[in-house]
Structures are given as C-alpha cells and as structure tokens.
Amino acid sequence: MNHSPDLVLLDGEVLTADARFSVAQAVAITGGKITAVGSTDDIRALAGPRTQVVDLRGRTALPGINDSHLHGCAFGVNRPPLALDVAHPAVRSIADIVAVVKDAASRTPEGEWIRGNGWDPGYLTESLESGRMPNRTDLDAVAPSHPVYLQDFSGHLTWANTRALELAGITADSESPEGGRIHVDGAGNPTGLLAEGAQDLLQRHLPAYTRAQIEQAIREAVAVLQQEGITSYTEPGLGPGGKSLFAGAASQLTLDVYGDLARAGELGARVSVLLLLTGMSGSAAEIAEGLATAKTPQDVDPRILNVIGVKLFADGIPPNETAWMRDQYPGGDFGCLCVHGAADALRTRELNEMIRLAHVAGHQLGVHVTGDRAIDAVVDAFEAAQAEHPRDDPRHYVIHADLLGPQSMRKLARHGFGANMNPAIKWMIVDMLEEQLGHERAAYQYPVRSAIEAGIPVCASSDAPVASPNWRQGVAAMLLRESKASGRTFGPEQRVGLPEAVRAYTVNAAWQDFAEDWKGTLEPGKAADVTVLDGTLTALDPHDLPDVPVALTVFDGGIVHSTEGL
C-alpha cells in the first residue's frame, strides 16, 4: 500500500498559526488532511513516485483563509453580468455613475430594472466638494423609463430613480418605517435615497433572482474566492428573512441552492451559514415563527456546508447615522435599534426577546451591531439569556462591533463570546467617519488590540460585497490602521502584530465555526486547506501586502487555484 503523500509543499515560509505561531518550511498532504509539517528535507523524504511536489521558493503558506463574514451569493449577484459595477475605481462621481446607467439603459429593454451595487457616498466627487448627495433626478435624466436600483457598498443605503419609487408607491406622503428612513428634500419629497429598513419598500418590487442566477452567482463567487486563497467563509444570514436583503440574494432559495451544490460535491469551499429569520426592523414574533418553520439543507457534509446559528440586525451603521449611539451625530440624532418598537425602551425589550428566543432554541447568535449604545444592549441581552438559560459554550458574537467599549469587552470575555470586525472597511470609511463622530471615536473604531487583550476571540472579515474579499488588505489595515483616502493613521494604539492578524483570518474564524479542532491551523490531522502568498509575508512592507497575489490555493487536499510558475 502506498502511504506517501498526495502533495508536498517545499521550501517555503509555513506559518502554522498554531498556539506558538510556529514557522516551518514544508507541508505534506494525504487524503485531504495535513499529515506532516517540518523542514524541507524531512518532508521531501516522505514523497513517493506519485506525490505531487510544489517548490514554494520562499513563498508563504498559511492555513486556508476563512472569511468569517462574507455574503457569498450577494457578492456574486452584485457583479457583472447580474449587476452594474458602480464600485469600479474609475467610477468616482455621481456623473460617472450616471454615465454607467445611461449606457445600461441604452442596452436594456424599456421598463426593465437596472441594478447596480457598490457606490460609496464618501468618495463621490460631488459629495466631497460640496456635500451633495445623489438624487433621483440624476438617474431620471438618463433612464426615465427604466426603474433603477443602486445599492451602496454597505448594503444599508439605496439610490433609486423616480420610476422605481413610483413602482414601490413611495411618495411625499409615505412614512419612514420603523428602523428605516426615506430621505426627503426641503419640500418633503423623496430624494431617491432609502436607508436601512426603508430599502425593503423598494426591494420587494425587484424581480426575484431565478435558481439558475443564484447558482451562477455562488459558483462565480467561489471561483473568485479561490483565487483570493479563501477556502472557508460564513454566509451571515440566509433564509426567509432575506427575501429582500441584497435584492433576494439572501433568501431561502439561496440556502437551498447551497445545499444542492454541497450534495453534488460542487461547492468548492467550506460554508457556514447563519439563518436569517427576519430582516431589518424585525420582531420577536417573526423570530418565533422562523424558529418553528426554518428549513435547513439535509444530507450534506457539515464540513462543507453547516448551518450553525441565527443572524439578527440590532442597528444600522455610523456612515448612515443609523447606528445607536450615546453621543449625538452632527444632525442631532442618536440613531436607534432597527427592531420593532416605537421607542428606545420598547425596542430594547424586543431585542432582548429576539436574542432570548434564539438562545433558548440552541442557536449560536451573530448580531449585526455597530453603535456603542447598541453594542452594550446586545451584550447585555446575551448575558441575560445565558443567565436565564445556561448553555455550554454557545459562542455568540457581535458582528462589526465598531465601537465596542471596555465594559462590553469584559462581559464578552467572561462568557466566552466573540467579536467579528472588518478592518478593511475602517480603511475605506474612517476619513468620512471622522467628520461624523469626531477624531477620537473614528480612531477608536474597531478596537482590535483592546478586544484581544481583554481575552475575546477576534475574527476579521471582509463583509463582501461591502469590501473586496482581499484579506491582504484586511491584514495590512490591522497592522497599519491607516486610511484609504488620506493615508493618515487612526488609532495606532489598536494596531496588532502579524500573528494576531493571521489568527483573525484562520484559527479564530475556525473557533467561530466550532471547528478549531479540525481546521484553521497547519498541523497534522487538520483539513488540508492551504493558502500560498506570492511573496514572503514576514519580509513584506504591510503597505505592499494588498497588491501581492495569491499564488496557490489548496482546498480539501486538491489544488483549486495556481498561478503560472507553481
């Protein structure tokens, strides 16, 4: 019987991400598992005549990257050909976006929807120079007969034209829903901008994606992720509550298609899923109904597709001034929780019950929450649910946790709960955030170092399609704490070292998946998921890291991506 490895990677910088952050030179892989890690000479000696040998030539090998908060299907549907790319670097102004829409209108039958994703209000020339935000009339000028739906990079703000508003029945008489905002002009007319839960008023009128389109989106997304070295990711919210989120890309149908691909052995990544039982502006009644009726894929390998918890939305985001804050925004508002209820006390009570219900049902909870006041409310609700109904290691976690404070850090650490942060998003938005929150709070945003020192398992993620799934940008952001627009440093005291940054994308993310015993490090017995960077990571200037490509991706023991020369 041949016991030689199927694949060996030799002569590299192998960052194991183990407890000591050991560095080796070579890895042996057999039957989809890591079977040996050591020196090049030791691993070379294991190779047999049928072993595939790859010479890394000094490149860095890491555990397969685990993007622990990435909307895979939404990433796929928000790319061409299913949507316009209004996040392209060449698109820098309202005028640029209007030109893209004009071109699409010339090729789209009259009356059909035009969709796009990724525009960033913080980097539009008109907004930067005069504070002018996009308006429906901008789009009306080039697409008067096409309903136009353009969601911003965050997924929390939609820009629509008049025809789209008409189809949705949004007029000057329309009231903003709880947890949402219809932007209006001085005369009270809708401007075409819809924030948070108000987006649903329009999204429910979009044509539903077909099963074929959903499958195409997932396949194309996974192909891109393999090129990025991402072998695992968390779909943070799929189910009945996602029928309008990302225009339906987070619906039950998406979860069903994931199940089909997993059963057929065609998924190409390890996907963890949080169930989305209700969308933004949800209620405890909807959570209770969803818990009773939720459908999850059956007969799938849980190491390929695993539904591990429930996703909730607690508040919005600071750039939209919808995160629930203790201090006022420049406009005088504090934001609020985006759940059912007409006042803060009622919304807090509703949030507590939503969390309690999911906790008692035995689910892990991942809660989208960004404002300091909202974070405290969520962590208090975690603590109250665990006190009322003690569970062994539920691993609840706060998603984004932009302004996570010391008191909540201590509570998370005490109960073994986690935090999932987005360093690349900070790099993208911190200059704009400074104008809204002041320098001190903008600099503090995503306090990674403080959270780690408090004893919290911190995961880093892209939140794609909000940010690119380029994990190298996320690592660089954690090491540098610099901004995209100005290059200034924000919160240098929250910088972390390379070991902490790598663990946030590997073993800590595996912990979030309840999978640290079988993936997340390059150690014998672990899953053979490996990412090889086309450079030596420890020798790179962090400023250069985002542009370094991934040279090789190994998933489940097989090479799924390689560049020329490997």
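Student: Arg-472: buried or exposed?
Tutor: Buried. In this predicted model, Arg-472 has a relative accessibility of 5%.

Student: Which residue does Arg-472 form a salt bridge with?
Tutor: Glu-228. The closest N and O atoms of the two are 2.4 Å apart.

Student: And where do Glu-228 and Arg-472 lie?
Tutor: Glu-228 is in the loop between α8 (211–227) and β15 (230–238). Arg-472 is in helix α17, residues 471–480.

Student: Is Glu-228 buried or exposed?
Tutor: Buried, because its relative accessible area is 15% and the cut-off for buried is under 20%.

Student: How many salt bridges does a search of the whole structure find?
Tutor: It finds 26.

Student: What about Arg-356? Which residue does it form a salt bridge with?
Tutor: Glu-353, with the closest N and O atoms 2.9 Å apart. Both residues lie in helix α11, residues 344–360. They are three residues apart, about one turn of the helix.

Student: How much relative accessible area do those two have?  Start with Arg-356.
Tutor: Arg-356 has 25%, so it is partly exposed. Glu-353 has 29% and is partly exposed too.

Student: Which side chain meets Arg-488 in a salt bridge?
Tutor: That of Glu-434, at 2.5 Å from N to O. Glu-434 lies in helix α14 (residues 423–437), and Arg-488 in the loop between α17 and α18 (498–504). The pair therefore ties together parts that are 54 residues apart in sequence. Arg-488 is partly exposed, with a relative accessible area of 37%.

Student: Which residues are linked in a network of salt bridges?
Tutor: Asp-380, Glu-383, Lys-411 and Arg-414.

Student: Let's switch to helix packing. At what angle do α14 and α17 pack?
Tutor: About 70 degrees, with their axes 7 Å apart. The two helices are therefore roughly perpendicular to each other.

Student: Which residues in α14 meet α17?
Tutor: Pro-423, Ala-424 and Trp-427. On the α17 side they meet Gln-473, Gly-474, Ala-477 and Met-478.

Student: How do the residues of that contact divide, nonpolar, polar and charged?
Tutor: Five are nonpolar, two are polar and none is charged.

Student: New topic, aromatics. How many aromatic pairs are there?
Tutor: The count comes to two. One is Trp-119 with Trp-159. Their ring centres are 5.5 Å apart and the planes sit at 70 degrees, so this pair is edge-to-face.

Student: Where are Trp-119 and Trp-159 in the chain?
Tutor: Trp-119 is in strand β10 (residues 114–119) and Trp-159 in strand β12 (residues 157–160). The pair links distant parts of the chain, 40 residues apart.

Student: Trp-119, buried or exposed?
Tutor: Buried, with a relative accessible area of 0%. Trp-159 also counts as buried, at 0% relative accessibility.

Student: And the rings of Phe-382 and Phe-417, how are they arranged?
Tutor: Their centres are 5.6 Å apart and their planes are at 75 degrees, so Phe-382 and Phe-417 are edge-to-face. Phe-382 lies in helix α12 (residues 372–388). Phe-417 lies in the loop between α13 (406–415) and β20 (418–421), 35 residues apart from Phe-382.

Student: What is the relative accessible area of Phe-382?
Tutor: 0%, so Phe-382 is buried. Phe-417 counts as buried as well, at 1%.

Student: Now Ala-314. Where does it lie?
Tutor: In the loop between β17 (305–313) and α11. Ala-314 counts as buried, at 0% relative accessibility.

Student: What does Ala-314 touch, not counting residues up to four places away in sequence?
Tutor: Cys-336, Leu-337, Cys-338, Leu-351, Val-367, His-368, Val-369 and Val-378.

Student: What separates the C-alpha atoms of Ala-314 and Leu-46?
Tutor: 53 Å, and the two are 268 residues apart along the chain.

Student: Last one, Gly-180. Which strand is it in?
Tutor: Strand β13, residues 180–184. Leaving aside neighbours within four places in sequence, Gly-180 is in contact with Ala-195, Glu-196, Gly-197 and Ala-198.

Student: How are Gly-180 and Met-280 placed, C-alpha to C-alpha?
Tutor: Those atoms are separated by 8.4 Å, with the residues 100 apart along the chain.

Technical notes:
Residues numbered from 1 in each chain as written. Predicted model: local features only at pLDDT ≥ 70, side-chain atom pairs only at ≥ 80, totals over all residues. Heavy atoms only, no water. Salt bridge = Lys/Arg side-chain N within 4 Å of Asp/Glu carboxyl O. Helix = DSSP H or I, 4+ residues; strand = E, 2+ residues; numbered from the N terminus. Buried < 20%, exposed > 50% of the residue type's maximum accessible area, 1.4 Å probe, protein only. Axes fitted to C-alpha atoms, helices over the stretch in contact; angles between N-to-C directions. Parallel < 35°, antiparallel > 145°, perpendicular 65-115°, else oblique. Contact = heavy atoms within 4.5 Å. Nonpolar A, V, L, I, M, F, W, Y, C, P; charged D, E, K, R; others polar. Phe/Tyr/Trp six-rings, centres within 6.5 Å; stacked < 30°, edge-to-face > 60°.
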